[in-house]
Amino acid sequence: MDDATLSAPRPRKKTAAPAAPAKVKPAKVKPANAKPEAVAGPKVTGAKVTGAKMTRAKRGPAHAETAPESAAPASAAGAIAAALLAWYDCHRRRLPWRAEGGRLGDPYHVFLSEIMLQQTTVKAVGPYFTAFLARWPRVADLSAAPLEEVLSAWAGLGYYARARNLHACAKAVVERHGGAFPADEAALLALPGIGPYTAAAIAAIAFDLPASPVDGNIERVVSRLYAVDEPLPKSKPHIKALAAALTPHDRPGDFAQGMMDLGATICTPRSPACVLCPLSAPCLGRAAGDPARYPVKAAKGEKPARAGIAFLAVRADGAVLMRTRPEKGLLAQMSEVPSTPWSAGVPSPGDHAPLSAGTKGWRALPGRVSHVFTHFALELEVWRADLPATTAAPAGHRWVLPRDFAREALPSVMRKVLAHGRVPGA
Ligand code: SF4
């Protein structure tokens, strides 16, 4: 199947065979204060499926045979899935990457959106998704694009390793699968940059396979539904097993998206709107009286601090001196204003200034730039030098005029440096 075929609307198909059951540990579900009927009974009244008869025959949950012993029994899991799907049919979010009219999602759209949505909000992703699709409408187009262009289009979304993975994955889909994403969770997982969550999301949403993606929203809903007391991240495998046990064979993609939507709109982090929730009746977190305490989190340590000096050289014509970061490591191959290494204490400028600043010299600007990365918090001093328009760039560096900033793959931290130095066009 070529990519053009994949982009065409594809009707939903019923899955033929159940997925292999997940291996799960005995569950640790908080029984205290729970209403007995909350987990044992199939009585799910919050949705428009009140009184639905749930049997394992057609709408039974995947993995039911090996579901954790204290998870919902098959009938209750089926009722939970039915209630969620009924709610989803009425209240689903309209998102640019979602297929409408009961169609399956386009695998490329699902892939693109899921990679962008990692660590980024739906609101922030929307314009990037639309721009990527307009520029590279098919996975083959993305695979043929130069990496620098992809990094540049990604600039501002952060976590740039995702853009490199996106590109590498698009290439692999073309090289290994002829430009069509494989309809198989294991084969998806074997692609570069696709982890268990993304593989399960594509399998479920684009191919309607009974896979169980667990993102932050689903993690929150499931941990509340079962009042999981074990703190994150240790409880992740247990929560995944509970989510898998709930996943129905019928409409697993809609079930996954329904759980995502429920977590984003009703079962929100601070104030879950339990009165509006279709899973209110069987929810143990709600029954225990304080659902917002789930998921329980392990106490966080402080992020280590690093510091450095960024050397902002500005020519009289407005051009700024930049260079490209190394091929591997943090912000690999992104553009940057030259700086000292980022280390535990404020380093001395030493020999790190990229060029001599002439008679006026380098001057430290007041204030600092702060930026938080996944594993550390960075504080940068910004030293500026103003130079004649004829100044040549030292080896490994280049002058970039403000009108060309948009073509540079500039990470957020470097945009902050330019803004701090009051560079026009930053
Ligand atoms: S905590 Fe409230 S909003 Fe969340 S799943 Fe339970 S009942 Fe629904």
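User: Where does Gln-333 lie?

Analyst: In this predicted model, Gln-333 lies in the loop that runs between strands E4 and E5.

User: Why does Gln-333 count as partly exposed?

Analyst: Gln-333 has 17 C-beta neighbours inside 10 Å, and since a buried residue needs 20 or more and an exposed one has 12 or fewer, the value falls in between and Gln-333 is therefore called partly exposed.

User: What makes Leu-331 buried or exposed?

Analyst: Leu-331, which is also placed in the loop between E4 (320-324) and E5 (335-336), has 21 C-beta neighbours inside 10 Å; the cut-off for burial is 20 or more, so Leu-331 counts as buried.

User: What is phi of Leu-331, and what is phi of Gln-333?

Analyst: Phi of Leu-331 is near 50°, while phi of Gln-333 is near 65°. Both values deserve a remark, because most residues other than glycine have a negative phi.

User: Which peptide bonds are cis, from Leu-232 to Pro-233 and from Tyr-294 to Pro-295 being the ones I ask about, and what is omega there?

Analyst: The bond from Leu-232 to Pro-233 is cis, with omega near 0°, and Pro-233 belongs to the loop between H12 and H13. The bond from Tyr-294 to Pro-295 is likewise cis, with omega near -5°, and Pro-295 is found in the loop between H15 and strand E3 (305-315).

User: Why are H12 and H13 described as roughly perpendicular to each other?

Analyst: Helix H12 (residues 216-225) and helix H13 (residues 236-246) pack at an angle of about 85°, their axes being 10 Å apart. Angles of 65 to 115 degrees count as roughly perpendicular, and the pair is therefore described in that way. The contact is made on the H12 side by Ile-218, Glu-219, Val-222 and Ser-223, and on the H13 side by Ile-239, Leu-242 and Ala-243; these residues divide into five nonpolar, one polar and one charged.

User: How do you know that H13 is largely enclosed by the rest of the structure?

Analyst: Nine of the eleven residues of H13 are buried, so the helix is largely enclosed by the rest of the structure. Among the buried residues are His-238, Lys-240 and Leu-246.

User: What makes Ala-243 a buried residue, and which residues is it in contact with, leaving aside its neighbours within four places in sequence?

Analyst: Ala-243 has 26 other C-beta atoms within 10 Å, and because the cut-off is 20 or more, Ala-243 is called buried. With those neighbours left aside, Ala-243 is in contact with Ser-212, Val-214, Ile-218 and Val-222. The C-alpha atoms of Ala-243 and Ala-77 are 9.8 Å apart, although the two residues are 166 apart in sequence.

User: Which helix gives the most to the shell around the ligand?

Analyst: H12 gives the most, with three residues, and both H12 and helix H15 (284-287) supply at least two each. The ligand is surrounded by 15 residues, the closest being Cys-267, Cys-274, Cys-277, Cys-283 and Pro-291, and the shell divides into eleven nonpolar, two polar and two charged residues.

User: How do you know that E7 and E8 pair, and in which sense?

Analyst: Two strands pair if there are at least two bridges between them, and strand E7 (residues 369-372) and strand E8 (residues 377-387) have four, in the antiparallel sense. His-371 stands opposite Leu-378 in E8, and a hairpin through four residues joins E7 to E8.

Methods
Residues are numbered from 1 along each chain as its sequence is written. This is a predicted model: local features need pLDDT of at least 70, side-chain atom pairs count only at pLDDT 80 or more; totals for chains, interfaces and linings use all residues. Axes are lines fitted to C-alpha atoms, for helices over the stretch in contact, and angles run from 0 to 180 degrees between N-to-C directions. Angles under 35 degrees count as roughly parallel, over 145 as roughly antiparallel, 65 to 115 as roughly perpendicular and the rest as oblique. Two residues are in contact if their C-beta atoms, placed from the backbone, lie within 7 Å. Ala, Val, Leu, Ile, Met, Phe, Trp, Tyr, Cys and Pro count as nonpolar, Asp, Glu, Lys and Arg as charged, and the others, Gly among them, as polar. A residue is near a molecule or strand if its C-beta atom, placed from the backbone, lies within 6 Å of it.
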